Amino acid sequence: MESYPELKDVPEEELIDLAELFKMFADSTRIKILYDLFQGEKNVTEICNDLEMNQSAISHQLKILRSSKLIKARRDGKMMLYSLADEHVKTIIAMGMDHVEE
């Protein structure tokens with residue numbers, strides 16, 4: 001089992017950053033987008049179709065997820081392709097799903 005420092009040894013700034021990270025998972029649309037990106041890269045139209053939502057709502061959430069470094073984007077011609085930022089994001093969602101399914 002991984003060991004963690006005692007609370008007194010964790011800088012307040014890190015705890016605040018952790019709380020901000022978890023706030024990103026408090027919105028069901030953002031969770032749906034992250035879960036949708038488990039399948040790999042997608043453009044905004046594909047995400048909109050998968051979630052059956054309009055583009056402005058999805059684009060707004062994509063911007064928030066990008067600024068939180070949970071997803072990344074790359075340009076392919078005129079299109080932006082979105083994907084999970086790294087495996088940590090997938091692990092957080094997967095562990096959360098395991099927890100709620102218990």
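Buried means under 20% relative accessible area, exposed over 50%, and partly exposed in between (1.4 Å probe, protein chains only). The model is predicted: local features need pLDDT of at least 70, side-chain atom pairs count only at pLDDT 80 or more, and totals for chains, interfaces and linings use all residues. Residues are numbered from 1 along each chain as its sequence is written, and side-chain values use heavy atoms, with hydrogens and water left out.

**Exercise 1.** Classify Gln61 as buried or exposed.

Step 1. Locate Gln61: helix α4, residues 55–67. Helices are DSSP runs (H or I, at least four residues), numbered from the N terminus.
Step 2. Apply the cut-off. The relative accessible area of Gln61 is 11%, so Gln61 is buried.
Step 3. List its contacts (heavy atoms within 4.5 Å). Leaving out residues up to four places away in sequence, Gln61 touches Asp27, Thr29, Arg30 and Ile33.

**Exercise 2.** Find which side of α3 is buried.

Step 1. Pick the buried residues of α3 (residues 44–51): Val44, Ile47, Cys48 and Leu51 are buried.
Step 2. Check their arc, taken from the directions from the helix axis to the C-beta atoms. The arc is only 100°, so they sit on the same side of α3.
Step 3. Identify the cover. It includes α2 (28–36) and α4.

**Exercise 3.** Describe how α3 meets α4.

Step 1. Take the axes, lines fitted to C-alpha atoms over the stretch in contact, with angles from 0 to 180 degrees between N-to-C directions. The two axes come within 10 Å and cross at roughly 115°.
Step 2. Therefore α3 is roughly perpendicular to α4 (65 to 115 degrees).
Step 3. Name the partners. Val44, Ile47, Cys48 and Leu51 of α3 meet Gln55, Ile58, Ser59 and Leu62 of α4.

Notes. Helices (H or I, at least four residues) and strands (E, at least two) are DSSP runs, numbered from the N terminus. Angles under 35 degrees count as roughly parallel, over 145 as roughly antiparallel, 65 to 115 as roughly perpendicular and the rest as oblique.
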